[in-house]
Amino acid sequence: ALMEKAQITQEIENALWYLKKPGQSPADEAKAIGILSNICRGKNGGPELVKAIEESSPTVDLANVPWDSLNGLVVVVGVGHEPGGGASGERVWNIKLAKAMKGILEEHGAIAHVYLHKIRSYSARQACFAEFCKKVGAFLCWELHYDAVKNPAARGHHFKFRGAKKFATYTQEEFSQRFPQSVARDSYGDGPGLHHATSGNGSGFLRAMPCWALLPEPFFNSNPSEKAFFKPRIDEIAEI
């Protein structure tokens, strides 16, 4: 019974992703209806569930995003961890994510850079990253990561910040809107999915940066369900 409940939960999460997808197409809606109808065991309840979900939670309208506000801003997308560091596959995945973000930023007029750590010393690499941001006159920057722990049931997202709470809050809310099935972790006491990182992992990067900075942890690679869902969705995460 527990296995069945877990499977149903995952299928509902998959259906929600298609319903909340920006620029949702008829094909996306059809996929969601198919998933939900399957949960209803052939009772054709999918369309009714889709209608109820859409009425309570409309999809994102990208036409209203103020993309022109990026014009002329210098932004840096940093890839977390030195070569060989981090969770399995983290650096490779985040290099792809950083390049996707750079393309979107440049398309909308920003001056974007991808920064790769090349040394293993924690303090030295943070100093080098900060120096690079100063050199290019960065307005804001990210250092990309994802979580991984021994517990395969651990799940959810959180965004680390220091002095950039509005930036972090905006990003977290956008992430939750696009991926409603993702749990906003609130174990840090700074609000759902937000972590004012004054100490511990990530705080050194945030403290060193000369500009607005954010360290995202969008999912757990050690959770098989989250890994399967989020890893193929580089473009969607980049757009957020």
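Which residue forms a salt bridge with E106, and how far apart are the closest N and O atoms? In this predicted model, the partner of E106 is K102, and the closest N and O atoms of the pair are 2.6 Å apart. Both residues belong to helix α4, where a spacing of four residues separates E106 and K102 by about one helical turn. E106 has a relative accessible area of 40% and is therefore classed as partly exposed, and K102, at 26% relative accessibility, likewise counts as partly exposed.

The count of salt bridges comes to six. One of them joins R185 to D147, with 3.2 Å between the closest N and O atoms. This pair links distant parts of the chain, since R185 lies in the loop between α6 and β5 (194-196) whereas D147 lies in the loop between β3 and β4, 38 residues apart. Both R185 and D147 are buried. A further salt bridge is formed between the side chains of E239 and R178, at 3.3 Å from N to O. Here, too, distant parts of the chain are linked, with E239 in helix α9 and R178 in helix α6, 61 residues apart. The two partners fall on opposite sides of the 20% limit for burial, because E239 is partly exposed at 27% relative accessibility, while R178, with a relative accessible area of 5%, is buried.

With a relative accessibility of 1%, H117 counts as buried. Its side chain makes a polar contact of 2.7 Å with the side chain of E143.

Open space in the model was examined next. The largest pocket holds about 750 Å³ of space. Its lining comprises 31 residues, among which L70, W142, F167, Y170 and I240 are the closest to the centre of the pocket. At least two lining residues are supplied by each of α4 (90-107), β3 (140-144), α6 (165-178), β6 (212-217) and α9 (234-239), and the largest share, seven residues, comes from α6. Divided by class, the lining of the largest pocket contains 25 nonpolar, two polar and four charged residues.

The second largest pocket contains about 350 Å³ of space. By class, the lining of the second largest pocket divides into seven nonpolar, eight polar and seven charged residues.

Terms used. Residues numbered from 1 in each chain as written. Predicted model: local features only at pLDDT ≥ 70, side-chain atom pairs only at ≥ 80, totals over all residues. Heavy atoms only, no water. Buried < 20%, exposed > 50% of the residue type's maximum accessible area, 1.4 Å probe, protein only. Polar contact = N/O pair within 3.5 Å; in protein donor to acceptor, adjacent residues only side chain to side chain. 1 Å grid on protein atoms, 1.4 Å probe; cavity = no way out; pocket = protein on both sides within 12 Å on 5 of 7 lines; lining within 4 Å. Points joined across faces, edges and corners; volume = space filled by probe spheres on them. Nonpolar A, V, L, I, M, F, W, Y, C, P; charged D, E, K, R; others polar. Salt bridge = Lys/Arg side-chain N within 4 Å of Asp/Glu carboxyl O.
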